[in-house]
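Welcome! Please take a moment to look over the model below, then read on for a short tour.

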Amino acid sequence: MTTPVFLAVLASALMHASWNALVKVGLDRLLSISLIQVGCGIIALFGVAFVPLPNAAAWPWLLASVILHIGYNIFLARSYRVGDLGQIYPIARGCAPLLVTLIGIGLLSDQPSALGYAGIGLLVLGILCMAFPGGRRYRLEHASLVNALITSAFIAGYTLADGSGARANGDATGYVIWLFLLDGFGMLLVLVALHGTRTLPQLGRHWRVGLIGGALSLGAYGVTIWAMTQAPIALVAALRETSVLFAIAIGMIWLKEPLRRERLLAGGLILAGVVLTHWG
């Protein structure tokens, strides 16, 4: 992983944490996430004219990714509805790199170095320590943990699908634009199917948040997909999870959340994982 790719993935992590902060706009969690995904779709619609259709080899990956993204959005909304944001986000993001690594090694022949594996291990350990800092008051309910783990499985699934799809397409930008176009309007159909057309006026009232969040989400994932064409998927996926650190900073500065000692320790583990991931 070269330094430009390393820095680009860190910028992607910051954008990802930022759009997650925008989910708290006073709407139902599914409406908030759908709002941002529809914003992605609208932005992508303007970009379709400037990119070619995906290659035939990329379409199976693209369609599989759309289904996985929709599942991810639904279970992420359920996780946030029944669990605390500060614990759900680290679990959902932290378990994914391990799954991506195991599947990537078995199916895609991606082989990080020993330092890369050590970095992935520290990242996962740090993020899970962030989720379970200790003490009865921080324990998760069973439903919250299950939804977070299912969300993590969807993250691992679409990460591998998109890494493979972008490679098969040979054009990461075009792949991402078509992905977000299909995903955005797919989420709109799912939202209408679940809640009816009465939800559409609520989305319209928050269109600015949707477009801003959509731009951040599209930019974050676009950079990630591009990075997966330049470096092993497992390393990119693990490094992207530093978004947890950015989320802590945003929560502390913007949302005035307390910064506990346990979170500082977990943050140190994540930073160590970032360094080893870079050099590995």
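## A helix to start with

The buried residues of H10 are Ile233, Ala234, Leu235, Val236, Ala237, Ala238, Leu239 and Arg240, where buried means under 20% relative accessible area, exposed over 50% and partly exposed in between (1.4 Å probe, protein chains only). Eight of the eight residues of H10 are buried, so H10 is largely enclosed by the rest of the structure. Please keep in mind that this is a predicted model, in which local features need pLDDT of at least 70 and side-chain atom pairs count only at pLDDT 80 or more, while totals for chains, interfaces and linings use all residues. Residues are numbered from 1 along each chain as its sequence is written, and side-chain values use heavy atoms, with hydrogens and water left out.

**The chain as a whole**

- The chain has 12 helices and zero strands; these are DSSP runs numbered from the N terminus, with helices (H or I) of at least four residues and strands (E) of at least two.
- Of the chain's 280 residues, 51% count as buried.
- Among contacts in the chain with a separation of 6 or more, 88% come from residues 24 or more positions apart; contact means heavy atoms within 4.5 Å.

**How H1 meets H10**

- Two packed helices are described by the angle between their axes and the distance between the axes.
- Helix H1 (residues 3-21) packs with helix H10 (residues 233-240) at an angle of about 45°, and their axes are 9 Å apart; axes are lines fitted to C-alpha atoms, for helices over the stretch in contact, and angles run from 0 to 180 degrees between N-to-C directions.
- H1 and H10 are therefore oblique to each other; angles under 35 degrees count as roughly parallel, over 145 as roughly antiparallel, 65 to 115 as roughly perpendicular and the rest as oblique.
- On the H1 side the contact is made by Phe6, Val9, Leu10, Ser12, Ala13 and His16, and on the H10 side by Val236, Leu239 and Arg240.
- By class, this contact of H1 with H10 has six nonpolar, two polar and one charged residues; Ala, Val, Leu, Ile, Met, Phe, Trp, Tyr, Cys and Pro count as nonpolar, Asp, Glu, Lys and Arg as charged, and the others, Gly among them, as polar.

**How H1 meets H9**

- H1 also packs with helix H9 (residues 207-228), at an angle of about 150° and with axes 8 Å apart.
- H1 and H9 are therefore roughly antiparallel to each other.
- The contact of H1 with H9 has 11 nonpolar, seven polar and no charged residues.

**Residues to find**

- Histidine 16 touches Tyr72, Tyr89, Arg93, Ala220, Arg240 and Ser243, not counting residues up to four places away in sequence.
- Tryptophan 19, also in helix H1, is buried, with a relative accessible area of 3%.
- The C-alpha atoms of tryptophan 19 and valine 209 are separated by 9.3 Å, although these residues are 190 residues apart along the chain.
- Arginine 208 sits in helix H9 and is exposed, with a relative accessible area of 55%.
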